[in-house]
Every structure is written in structure tokens, then in C-alpha cells.
Amino acid sequence: MTTADELRLHVAELLAAHPPADTPRDDFLRARFDAGLAWVHYPEGLGGLGVPRSLQALVDSALEAAGAPDNDPRRIGIGLGMAAPTILAYGTEEQKRRFLRPLWVGEEVWCQLFSEPGAGSDLAALGTRAVLDEAAGEWVVDGQKVWTSSAHTARWAILIARTDPDLPKHQGITYFLCDMHAPGVEVRPLRQITGEAEFNEVFLTGVRIPDGHRLGAVGQGWAVARTTLMNERVSIGGMRIPREGGMIAPVAATWRERPDLRTHDLHHRLLELWVEAEVARLTGERLRQQLVAGQPGPEGSGMKLTFARLNQEISALEVELLGEEGLLYEDWTMRRPEIVDFTGRDAGYRYLRAKGNSIEGGTSEILLNIVAERVLGLPAEPRDDKDLAWKDLAR
Amino acid sequence: MTSPRAPFDLLYSETEEELRSAVRSLLADRCDPASILARVETDHPHDPRTWQTLAAGIGAAGLLVPEKLGGQGASHREAAVVLEELGRAVAPVPYLTAGVLAAEILLGCDPSSDAVSALLRQVASGERLCVPAVPLTLAPGAPLPTGVRATGAGTLTGSVTSVADAAAADVLLVLADTGLYAVPATEVTLTPLVPLDLTRPLAGVTLDGAAGTRLADAATARAAVAGALLSGAGLLASEQLGLAQWCLTETVAHVRGRHQFNRPIGSFQALKHRLARLWLDVASARAAARAAADALATGAPDTPLTVAVAQAYCSGVAVRAAEECVQLHGGIGMTWEHPAHLYLKRAKADSLALGTAGHHRGLVAEFAELPAPGPHPRTPAAGPTP
């Protein structure tokens, strides 16, 4: 068992052997990975030490204090939050050794090829086909994916595709690691209501994936994808934000600085939202304390719902508060940002971008079903699609 | 803006969970919905037997009172857990008034004075039931009532309206112009009122030359009452949380079992989404109520803001939970026989008690420095004039 003191010593050794000031960024990050200080809860040899995840904060703050570079987790969030835990859970030793290190260092950016134009919330209805070319030991993939963040910068993708259309929709799916530089992968920007193209459409035409890049057994892709999706939603409650952090901050600042904009109606709504934002902050903090105490509560399932609603209501109020300025927009030029960041943008952008918060990563309607069924134990609605072969489903 | 200190401890300790089970099993034995219903329409809506066990047996009456003054030396965190359970049961016992408000007022006076410490010991042991003679709607930050005057002879004259639990009290704490007085219930005239919430009876209190013992001077008395109102409002959030939790749990159980259209009604997405949202509100209310209890327990500098946030939030959640409970029980929810109405009435009355959500949002505006618009309307930039 590694104690906190041993871990501190370990960090000191890393810093002594690779002084951040004289070590190129990626070299330092590789050394950190090899020292087991990348994600301490991962196994030894895979960037970790097999110690409790709660000790990571200690490592992160010690390294930050020493001026060590970080791996820009926001830029590689899909790799860290979704691909890595899935590869760890389902990958072969060879896959883990091949992919986890460059993923964590950020040399290889990942994206996620799950959603399709015809299969969004009903993700298991996906129709992208993968057919095995037995002679070559390769799968041939054809189809179209959508809402793919980072596809234009990604080196690798996690991909789910249908390998047996005769089975019910959850069964004939297989999970792959797809090379985004392979012939037949075409990435097109998908311009959205903010004017910029944060997402992409990805067209897959005769893309060949070696069988060695399959994750999990043939036909077991749905179970593997569920690991990915659970990890996607888990990450939200972990952040600690200060009082009046997040979206409420610019509105409160404007309110204080611009008495000319104040009205009684806006005051009433601002106070309601300020209170709700503070309560959401406390709820997130309570969830975090439960996790640290080893008694995870179900609140995590709901935090994304709360933040989506609050972001939308607060940004809507902000546009209105600004009066005539609220009629303006900063820039409709189509840009392709590497990361999504609400800070430093104007209120109109925040208002429009927040509309996606209740759609991306599971729509609010789907998340409400999950809370109702898994937390409250309410029965599922009757469904007639579970036992039908995928090819016989209405489309 | 008040800056936040180290984060609140928002979890429940083992001791708190033990206290919860003790209170819960007492209420399960003695205070089931059927016996509350049977009791509330009689002349004696309070449940003195349950109160006696809660106050003296479990020691709830003295939770906030230090051990050297005869109490348990616990904190607002434990008191909050008791209130969660009382809210879950809509128990007709005067804990909020006697165990919280009266105890806090007495603690706000000088406990080294014999009169105060003697009364405090009796209150903490459950030997005497003491409630403050203030309107239930009196809110922290609001002007204190001025309806009672002391004459030169040391007797009190005046009246107070809507005093909660006065009918159960042995002693009333009366705020007069010259200070705080302990007045035996036998000295006052009580006019029972017909309350919206039958489980927390109200009465008008009339003093006509009533003799009382002076416990504090005017300034101390006013500060003590103001401090007690802050604690009361912060802890009321926990009662509201417990109430909302009961409504959610009962409603979920009902919609799982009730069949219509050949399905459990809980399988309809329209209902599932409403209940999921309510669950989220209750989970959030728990964080807000715990934060208030912890702030009061630790004397955090931002306690007034945290209390105002908890009241502004939890009031609405309790009312919404009770309203959803009535609605989703269908016709059953409208009957006298089903206890849902007791919860709705308590929730609605609680939303007025110790300040409405709107009052507390006003306090948030003050503490978070988000001022209301000035007295002059904003200058119209360019727009049609009527």
C-alpha cells in the first residue's frame, strides 16, 4: 500500500530526474506516465500504481506547485474520460500498452464514433456496418457518424458498428479502435447554431480495421459501449467550483457593475437562479464528499440535468439583462475550436451553446428515464424493439 | 460578497444516523399517519406522549444546550436530523418551537443568570415545555414585533398573533419593549385558531397584566430572538427536506403499484420525468439543508447567506413534493383518509414560517450584494411612451 508520504517522495524523485524547466513537455509527460503518476489508480506499467483514485489530487497539486506541464486534459477529454477506461476494462495487454501512454500524454487525440444521423438517443439502433474479411483478418466498415468532437484532430476513434443485422439491436454490435488516418475516413465539419464547427460528420467508406483493433468479443460491443458511456457521465460531479463560479459569475458581475440595467423582474429571476446555482454547487460538493468517503450517491446521475437547465436559464437571463447589447453577437465566422470553453465568450454565444447541454452526452429526456428507472426503480415503458432483429426495425 | 470558507461537511455522521434511527423508530411506533389523523381534530392536537419520549427519553429537547447547562451538547447538525424525521412524519410535536427556537433564545440570553439557567435546564430535560410567543411567520431580518409592553409593576400587556404550539406550552417567552420575559401559560389567555396545518396548532396570545420573570434586557432580548430566528429558519429547511422525501418515496411506491391502462402508471414517461425531477430537487434540498445545519453548527461567517439559500430553496421543494404527491395519487390524494393532505398543509404552512422563499431571496440579495433596482425607474433609452 502506497501512503501519501511515499507518493510525495515518488513525485519528488520524478521532479529531480526530469526538472520541468529543462525537460521538453512531452518528455516530462512520458516520464510521469512511466513513473505511475499519470492516473495513480491505474495498474503499474499502465501509468498508475494501483492505489486509490483519491490520491491523484495530491500528485496533481504537488506537480502543479513545481511548475510541471500538464497534459491539457480538456483537449484530450474524450481519450481520458471515455477511451482510456474502456480500453483498461476490455483491452488486451497489447492494446493497453499500445494505446494508453500516447493517449494520456496527448500525442494521440481520440474521438468517439457512436452517434449516427438515424441513431442518437436510440444509440443501439446504429446502422454502420462492419463485415469481416476473413482472408485479410480485417473488418470493412461502411456508414456515417455524427456529432464527433475532435474528429479533425483525432488520431484514433472508439467506434461501434453492426456486425450482425439478424440479431436484435443490442446484440449484433462490435466495438473497434479505428485509425482516423485510414483510407476511407472522411471528416466534414458540422456547423452549428453558434456559427462555429465544434463537431464533425464522419463518413466511413470501405474503412479497413485489423481484427487486432477490436475491443472485446464480436457481438459484445453494447456492453463495452456502456462502460464508455458510464464514464462519460461520471466525470461531471467531480469538479469543485467556488461560490458564484460557472455561468452565474458573468451575470452577477454585470448586475453589480451596471445598475442602469436593473429591473425588478430581472432581479427576481436573477436571485432565483443565483440560489439554484449555489444549491447545485452544494449538491456537487456533497456528491464529491460522498465519493471521497467511499459511499457514492446516486446524485451523479442527476447533476448533468441540473447543470444543463441552469446553464440555459442563466445564459437566457444574461442576454436579456444586457438590453441592447443582447441584440448583438460577437462573430458568426465559422471556426473550428479545439476545445469547448464558455469563458471569454459573449452572452449570445453562451445562450446558443448552452442549448446543446441538454442534448449532448445523453439528452435530458434520456437522463430523466435513467434516474426514474435506476434510482427510483420505476418500470420501463413497454418496448417492442428488444427482441426484433435489427434489420426488421422501422427506420 | 461573503467569501466561502472551507467547504461545508454535507454528509451525515454515524452519530447522526444513530439519532435518526432512534427518532424514526419512535415515530413509527407512536406517530403513524392514522393516529395523527385521529388526533388533529380533537381539542388536543399535540402528541404529549411522543413529545415526552422525544424530549426526555431521546434527549432531543436539549440537543442544542451545552452539557453544563443540562443539555446534550450536540449541535445544529443533530437537531437537523431530528427535524428531518419529524418532517417525514408530520409529527404533531413542538420540537421546532421548543427544542430549537426557545432553546436558542434562552442560550442567547445570559446563561450565567439564575433565571435563565434554571429555565434552560428544565427546558433541556423536557421537564417544562417553553415556546416563544412570536408569530410563526416572523422571519430573520424582519422587524421584531412590538405588541407587548411592560408596565412599571413588572406586568405585561399586549397580544401576539399566530403563535405556534402555544397550547402545549408550560411557559411562553415573551418579547416586550423592556426585554424578554418568561411567562407561565397560566398567566395568559390563549385563543386557539383554526390553522391550515393541523399538525402545528396556532393560537393568539393575550397578556392582560400577566406576571413574568425578566430574563434579559431589551437589546439582549432582540439579539437573542434574531439569532434564534436564523437557526430556526436554517433548521426548518431540514424539516422541509424530510417532508419532501416522504412525499417522493410514497408517491414512487404508489405509481409503481397503481395500474391503469393495463400498466403501472409509473411506467408512463410523463410521470417518470416528473418524479425524476422531483428526486433531483430533493437531492439538491438535502445539500442545501445540510449546508445550513453545518454552517449553524460551526458558526461559519457566511451562515446568514447559507441559511437564506437553504430556506429560499427548500420551501419550494417541500410544497412541490406535497403537491405532486396529491396529484399523482389521483382521487386518493384528495381524501381526508390518505395522509397526503397533512403533508401538503404542513409544507404550505412551512413555506410561510420563518420567512417566505421571497423574503429569503431578498436576504440573499443583501448578503451576495445583488441589490434591487434603485427607487428611480431606469431611463427609457428610446421607446414609445404611453
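**View 1. Chain A as a whole.** Of the 395 residues in chain A, 50% count as buried (under 20% relative accessible area with a 1.4 Å probe, protein chains only; over 50% is exposed, and in between is partly exposed). Do keep in mind that this is a predicted model, in which local features need pLDDT of at least 70, side-chain atom pairs count only at pLDDT 80 or more, and totals for chains, interfaces and linings use all residues. Residues are numbered from 1 along each chain as its sequence is written, chains are lettered from A and ligands numbered from 1 in the order in which they are written, and side-chain values use heavy atoms, with hydrogens and water left out. Chain A holds 11 helices and 8 strands (DSSP runs numbered from the N terminus: H or I of at least four residues, E of at least two). Its C-alpha atoms fill a box of roughly 75 × 60 × 45 Å along the principal axes.

**View 2. Contacts within chain A.** Among contacts in chain A with a separation of 6 or more, 68% are between residues 24 or more positions apart; contact here means heavy atoms within 4.5 Å.

**View 3. Where chain A meets chain B.** Here 49 residues of chain A are in contact with 49 residues of chain B. About 4,300 Å² is buried between the two chains, 69% of it from carbon and sulfur atoms (accessible area, 1.4 Å probe, lost on being put together and summed over both parts). In chain A, Arg243(A), Arg286(A) and Leu376(A) lose the most area to chain B, together 16% of what that side buries.

View 4. You will find 4 salt bridges between chain A and chain B (a side-chain nitrogen of Lys or Arg within 4 Å of a carboxyl oxygen of Asp or Glu). One of them joins the side chains of Arg243(A) and Asp302(B), at 3.0 Å from N to O.

**View 5. The loop around Ser358(A).** Ser358(A) sits in the loop between helix H10 (347-354) and H11 of chain A. Ser358(A) counts as buried because its relative accessibility is 18%. Its side chain makes a polar contact with the side chain of Gln312(A) at 2.8 Å (N or O atoms within 3.5 Å; within protein, one able to donate a hydrogen and the other to accept it, with residues adjacent in sequence counted only if both atoms are side-chain atoms). Leaving aside residues up to four places away in sequence, Ser358(A) touches Ala308(A), Gln312(A), Thr363(A) and Ser364(A).
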